[in-house]
Amino acid sequence: MKKTILLITILFIFSCEKDDGDSYSKDLISNWEGTKINYSYNIASNSSQTVTNPYEVGSGSIELSGAEEASLNYMYLYQANGVLQIAIAKRVFGVPSEETNYLLNIYDYGDFGSYSQLTKSNNDAADVYEGELEFTVNGPELTISAGALYHETVNDSVMISGTLAVAQETVNAGSQFEIGNIDWVFGSYEITLLINNDKSFEQTIKTLDSETLEYSGTWDASSDEITFHYTNYSKTYEYRVSSSDLELTYLDDLCVLYPDECLTPYELMYNMAGGSLESVVLYETTFFDKKSD
C-alpha cells in the first residue's frame, strides 16, 4: 500500500512539473547573435481592387545627377485634401537602411504651385535639397521632365529626371494579402540575446548610430511561444529553434489600437478605396545564429 501511495505521489509531481509550462525546447538556452530581420506586411480589404505596392520596385526609374548620383525605383502617390503627394526612394519603404538612401517628396498644390524636397540620409546624417520640378502624372506613372533641387546650406544642386510607374497588386476581398516581404541583413547593426537556464535573459543592441542598449529580465515559454518580461512590459514571440539557429516572430497589428487614425494613411499609401482597408499586420522575424564562445 505504501509503495502504491509513493508511486502515485511521484507521478503527481511529474504531472505538475509538466503542467507548469516546462515544455519549451531546451535548445532555447544559449547565447544568440542576430543576422537579419524579415518584415512581412499583410493587409485585409473588404473589397477586391488594384493597389499600389510601395515595397516592390516600380517600372522605370527617376535619376539623380550632379551633386548626388542615384536611381530611385520605389514609389507611391496619392491625393489628399486637394494636394497630390508623391514619395520616391532608392531603398524600400518601411525598413531601416544601413546604406545611403535618397527620398524625394513632391507636393503639388494645383493652382498654388508645387514644392519638392530630396533628402539624402546615411545613419544619423542627412543632406536636404529643395526647389521645384517640372513633372506630369498619368495614372500610376510619374514623369519628371526637368528640374534642379538646391542644397539648403551649400552651393550644390541635383538634377532630376526620368519616368517611374508604381508597382501594383490585385487584392481580393475577405482574405489576408502579403503586400510586402523584405529582409534587412545586419551590417553595423548588432543584436545579441543570452537566454539562461535560470529563466533570466540579457539583450544587447548596437544601433545604427552606434548607441548601445542593454536590457535584461525573465522569460517563460511553451512549445512554440516565448515571452520576455522587461522592467515595464512583456513581449511574446512565436519561435523556431534548433541546436544552431533561432527564429523569433513578433506579430504586430499596426492599427488595432487606433484604427480610424491609423488605417487612412495606409489606405493612401496603398492607393486603396476609402474605408476598404480593414487591417495592416506586420510579422517581424529576427533570425539568430548560435554565438561562438
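A residue is termed buried under 20% relative accessible area, exposed over 50%, and partly exposed in between. The close-up views below are taken from a predicted model.

**View 1. Salt bridge between Glu99 and Arg91.** Glu99 and Arg91 form a salt bridge in which the closest N and O atoms are 3.2 Å apart. Arg91 has a relative accessible area of 24% and is therefore partly exposed. Glu99, at 49%, is also classed as partly exposed, because the exposed class requires a value over 50%. The count of salt bridges in the model comes to 3.

**View 2. Salt bridge between Asp183 and Lys36.** The side chains of Asp183 and Lys36 meet in a salt bridge, with an N to O distance of 3.3 Å. This pair links distant parts of the chain, 147 residues apart: Asp183 belongs to strand E14 (residues 176–185) and Lys36 to strand E1 (residues 31–45). Asp183 is partly exposed, its relative accessibility being 40%. Lys36 is likewise partly exposed, with a relative accessible area of 24%.

**View 3. Salt bridge between Lys120 and Glu68.** A salt bridge joins the side chains of Lys120 and Glu68 (3.3 Å, N to O). The two residues are 52 residues apart and connect distant parts of the chain, with Lys120 in strand E8 (residues 114–122) and Glu68 in the loop between strand E3 (59–66) and strand E4 (70–72). Glu68 counts as buried because its relative accessibility is 7%, whereas Lys120 is partly exposed at 23%.

**View 4. Nonpolar surface patch containing Tyr258.** Val256, Leu257 and Tyr258 form a nonpolar patch on the surface, and together they have about 380 Å² of accessible area. Tyr258 is placed in the loop between strand E20 (245–253) and helix H2 (259–269). With 58% relative accessibility, Tyr258 is classed as exposed.

View 5. Asp289 is located in strand E21. The relative accessible area of Asp289 is 35%, so this residue is partly exposed.

View 6. Ala273 lies in the loop between H2 and strand E21 (277–290). When neighbours within four places in sequence are left aside, Ala273 is in contact with Gln49 and Glu267. The C-alpha atoms of Ala273 and Leu118 are 29 Å apart in space, and these residues are separated by 155 residues in sequence. Ala273 has a relative accessible area of 39% and is thus partly exposed. The loop between H2 and E21 also holds Asn271. Asn271 has a positive phi of about 55 degrees although it is not a glycine. Asn271 is partly exposed, with a relative accessible area of 43%.

**View 7. Positive phi at Ser210.** Most residues other than glycine have a negative phi. Ser210, a residue other than glycine, has a positive phi near 70 degrees. Ser210 is found in the loop between strand E16 (200–206) and strand E17 (212–221). With a relative accessible area of 52%, Ser210 is exposed, because the exposed class covers values over 50%.

How values were computed: Residues are numbered from 1 along each chain as its sequence is written. This is a predicted model: local features need pLDDT of at least 70, side-chain atom pairs count only at pLDDT 80 or more; totals for chains, interfaces and linings use all residues. Side-chain values use heavy atoms; hydrogens and water are left out. Patches are made of residues with over 30% relative accessible area and no salt bridge: like charges are joined within 9 Å, nonpolar side chains (Val, Leu, Ile, Met, Phe, Trp, Tyr) within 5 Å. Accessible areas come from the Shrake-Rupley method with a 1.4 Å probe; for residues, only the protein chains shown count as cover. A salt bridge is a side-chain nitrogen of Lys or Arg within 4 Å of a carboxyl oxygen of Asp or Glu. Helices (H or I, at least four residues) and strands (E, at least two) are DSSP runs, numbered from the N terminus. Buried means under 20% relative accessible area, exposed over 50%, partly exposed in between (1.4 Å probe, protein chains only). Contact means heavy atoms within 4.5 Å.
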